[in-house]
Amino acid sequence: MQKRKSAERRTLKEDNTMRAGVIGLGDMGSGLAKNLIKNGFETTGFDLSDARMQALTEMGGTAAKDIVDVARNADVVYVMVMNGDQAKAVILGPDGLVKNMVEGGAIILTATIKPREAREIDEAMSASGIALIDSPVSGGFPGAQGGTLTMMAAAPDAILDTFAGPMEAVSATIHRVGDGAGQGQIVKACLQTLIGSIFSATFEASVLAAKAGVKGENLFKVFSTSGAGCGCTNTALENIIDRKFEGTGSGIGTMHKDLTISLNLAEELGVPMHTASSAMQIFHAGKSKFPEGDNWACTKVIEEIVGAALHR
């Protein structure tokens with residue numbers, strides 16, 4: 001297999017002809033592909049879902065026949081899968097990215113996985129000539145589709161500079177949080193402990209209001225204009241009072257998984273996590289009862305216990 005020099009990669013970036021790839025074309029990955037295409041990057045993608053592959057071609061991308069096909073037609077590949085095992089298979093497997101990309105390329109790991117899993121992937125790639133950018137994201141479905149994600153990027157500055165173009169295409173803010181794999185995932189784990197805790201507190205507050213006879217609209221007005229108002233609180237409460245518990249692009253399984261990662265890291269480091277642990281139990285209950293629901297479906301579990309539901 002012919003290998004390209006890293007200097008050629010820099011030229012590709014400068015004239016915007018760097019080729020991009022996306023593995024995983026769900027709510028988040030489809031947004032990555034959409035905005036790469038929008039910003040002029042030739043984009044190849046792969047997903048196990050035929051419908052998602054069709055959607056990619058309709059937005060102007062190229063549907064690959066497999067991961068190898070993506071690797072051979074991309075200089076930088078986003079990996080947006082669900083967990084660490086999937087990330088390892090996609091990146092390190094015999095038919096994975098590392099064995100089939102040309103030297104000098106990069107893999108941008110936007111999936112949220114355990115920090116140690118990101119480090120293990122990086123170590124396994126060390127002699128490949130392919131760079132790993134550990135960069136989980138925040139912003140959810142709206143951020144992915146709108147190209148306004150926040151990226152928590154960890155890699156040497158020279159690598160981040162080289163691949164700034166395709167990263168800027170999908171994000172509004174890129175934070176450089178470290179120079180080694182795992183550091184981006186650590187920051188994301190910290191972020192998710194906070195977001196998960198805010199969500200769960202909002203669920204409880206909404207049920208308290210419902211039981212006391214408060215109108216949802218009044219609660220929303222107060223919350224959104226007070227010190228407690230923020231994107232997390234406002235989004236959660238608005239979906240609750242409008243009774244939107246599915247199809248909002250925030251599947252409960254993702255937050256459940258992320259909180260599992262956060263608590264796993266806390267266990268490894270010996271850090272007590274009282275609030276996040278409680279939030280985890282609320283999400284565990286919600287996922288058990290409404291496995292196909294969105295985050296806000298957790299509220300319905302508490303509503304059923306007390307016999308009251310909040311409406312606008």
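Me: Where is Arg-243 found, relative to helix 12 and helix 13?

Reply: In this predicted model, Arg-243 lies in the loop between helix 12 (231-241) and helix 13 (252-269).

Me: Why is Arg-243 called partly exposed?

Reply: The relative accessibility of Arg-243 is 26%. Buried means under 20% and exposed means over 50%, with partly exposed in between; Arg-243, at 26%, therefore counts as partly exposed.

Me: What makes Glu-303 buried?

Reply: Glu-303 has a relative accessible area of 6%.

Me: How do you know that the side chains of Arg-243 and Glu-303 are joined by a polar contact?

Reply: The contact between the two side chains is 2.8 Å. A polar contact requires a pair of N or O atoms within 3.5 Å, one able to donate a hydrogen and the other to accept it; the contact of 2.8 Å between Arg-243 and Glu-303 is therefore counted as polar.

Me: What does the side chain of Arg-243 reach at 2.9 Å?

Reply: It is the backbone oxygen of Leu-310 that the side chain of Arg-243 reaches at this distance. The C-alpha atoms of Arg-243 and Leu-310 are separated by 8.3 Å, although the two residues are 67 residues apart along the chain.

Me: Which residues does Arg-243 touch, not counting those up to four places away in sequence?

Reply: With that exclusion, the residues touched by Arg-243 are Lys-300, Glu-303, Ala-309, Leu-310 and His-311. Under the same exclusion, Glu-303 touches Val-207, Ile-240, Arg-243, Ala-308, Ala-309 and Leu-310.

Me: How many helices and strands are there in the chain, and why is the chain called as compact as a globular protein of its length?

Reply: The chain has 15 helices and nine strands. Its radius of gyration is 20 Å, and the globule rule gives 20 Å for 312 residues; the two values are close, so the chain is as compact as a globular protein of that length. Along its principal axes, the C-alpha trace spans about 70 × 45 × 35 Å.

Me: What percentage of the residues of the chain count as buried?

Reply: Of the 312 residues, 52% count as buried. The chain exposes about 13,800 Å², of which carbon and sulfur atoms supply 52%.

Me: How far apart are the mean positions of the positive and negative charges of the chain?

Reply: The mean positions of the 29 positive and 35 negative charges are 2 Å apart.

Definitions and conventions. Residues numbered from 1 in each chain as written. Predicted model: local features only at pLDDT ≥ 70, side-chain atom pairs only at ≥ 80, totals over all residues. Heavy atoms only, no water. Helix = DSSP H or I, 4+ residues; strand = E, 2+ residues; numbered from the N terminus. Buried < 20%, exposed > 50% of the residue type's maximum accessible area, 1.4 Å probe, protein only. Contact = heavy atoms within 4.5 Å. Rg over C-alpha atoms; globule rule 2.2 N^0.38 Å. Areas by Shrake-Rupley, 256 points an atom, 1.4 Å probe, with all protein chains shown as cover. Lys, Arg positive; Asp, Glu negative; His and termini not counted. Charge placed at Lys NZ, Arg CZ, Asp CG, Glu CD.
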